[in-house]
Amino acid sequence: MSPQLIEFLTYGALLIGAGFLVIVGLVKELASAQRRRWMLGVGLGTGVLAFTFKIALVVIFSAFSVPLLDILPKPESRQSGEHSVLASMNRFGANGLLPFPYRWEALPYNAPTPADNPQSAAKVALGKALFFDKRLSYDRTLSCASCHELSASKGGADGLASSIGIYDQQGSRNAPTVINAAFQRVLFWDGRAASLEEQALGPLTNPIEMGMPDLASVEQRIRSLPEYSDWFAEAFPLNPVISAGNTAKAIAAYERTLITPDTAYDRFVRGDRNALSAKQQRGMALFVETGCPICHSGPNFSEASVFGVTDVYRAFPAIPGSAYESKYKLTEDLGLASNQPNAKRGIWRVPSLRNVSRTAPYFHNGSVDTLEEAVRIMATVQLGKTLSNREIDDRLVQWSADGRYYTATRNMALSDEEVGEIVAFLEALAGNPVSAQAALIATLDNKDGSIHIDRP
């Protein structure tokens, strides 16, 4: 216990004791008098006690040279739970927004599953069949996998600035990756879907994408394919109906196996200190120092994920007027305002950075081809950094005439080398979901081997 705290407690005990003696004396003095006088005495004594407390506070605040709150013991910081994103520390980083040190976390081996759609091997197998089946599009030429390729080179996207739908129609936005989408709180660039189940039905009836007239037409198309009758019965034994709802549940169940919990980054965080190169580790440190986790935090590197603690949306660009804004047409799309007229223009769901090195081109309109350029844009229009290889540009010293003090801000600029280090770290977030999928299926109800994930 500190000397200041002992002094504080001593003063407090003496003053409170004095007040208590005053009121006791008054009550005893007036006890034999009439009831009215007794009540008056109690009231007077209470007033004296309150006055004593006030005097005590005056004495306490004037007696110490340090702030009162600095005297009191501070509770140790604690994590809010297993998936706490930002450590609750008493000291903050240079950007003033991120608690320091930042707590890195690996991705869980299983994605969260809603109570009304539990996983099963049969359901996952059905979902995979539906995901790859081109017959579910109006002209039978496209499937979910057409825009969300699971190859290592495409990373769950399609490599196009904007996807191509039926009859070679071009969409208006870049296809987000489906890998690790199971960890996101909302789906699509504008966050209009609140679950994988809701998201799964959107492209089926979108006139530019798969083009089915309505969900009834989707159900009718699936019923016309004879193999699906048995598959739906196996996947939904309590409700063996070919319906839009069961279709969405099956596709969502399959997508929940498309996760990458075993990347080089995850292995490093779990204890393998050789999983990341020295360059990638420097990039990992720069990622925090630059302020990237303000939006891209937690195991899925997105505040829009189930691990997020803030809003799922961010303004982009946050700092308007840069040359990047016009060069890459960053503000032509309304974003969230295209679906919610009262929303501010240019508001977007925070995307995950997992597999980002495989999902070029970048941003909602697919206007940026390289990850290096994407890092430069985010550092400047979101975090206020400058781009310079000169050491003198990496700090800013300012004099406040009113306050008569200097402020020295460091790490103001990103050099080409530092951009390369951040990109190297982002490359460590890439992984193949196949191994995780196989491990998950092994834990489900496929014990007799009658249903296989390699369907169709």
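1. Is Tyr406 buried or exposed? Tyr406 counts as exposed, because its relative accessibility is 61% (buried is under 20% relative accessible area, exposed over 50%, partly exposed in between, with a 1.4 Å probe and protein chains only). Tyr406 sits in strand 7, residues 405-410.

2. On the basis of the note: this is a predicted model, where local features need pLDDT of at least 70, side-chain atom pairs count only at pLDDT 80 or more, and totals for chains, interfaces and linings use all residues. Residues are numbered from 1 along each chain as its sequence is written, and side-chain values use heavy atoms, with hydrogens and water left out.

3. Now the helices. Helix 11 (residues 278-290) packs on helix 14 (residues 416-427) at about 105°, with axes 7 Å apart. The two are therefore roughly perpendicular (a label for angles of 65 to 115 degrees). Helix 11 contributes residues including Arg282, Met284 and Phe287 to the contact. From helix 14 come Ile422, Ala424 and Phe425, among others (contact means heavy atoms within 4.5 Å).

4. Ala424 of helix 14 is buried, with a relative accessible area of 8%. Leaving aside neighbours within four places in sequence, Ala424 touches Lys279 and Gln280. Ala424 and Ala278 are 146 residues apart in sequence, yet 9.9 Å apart in space, C-alpha to C-alpha.

How values were computed
Helix = DSSP H or I, 4+ residues; strand = E, 2+ residues; numbered from the N terminus. Axes fitted to C-alpha atoms, helices over the stretch in contact; angles between N-to-C directions. Parallel < 35°, antiparallel > 145°, perpendicular 65-115°, else oblique.
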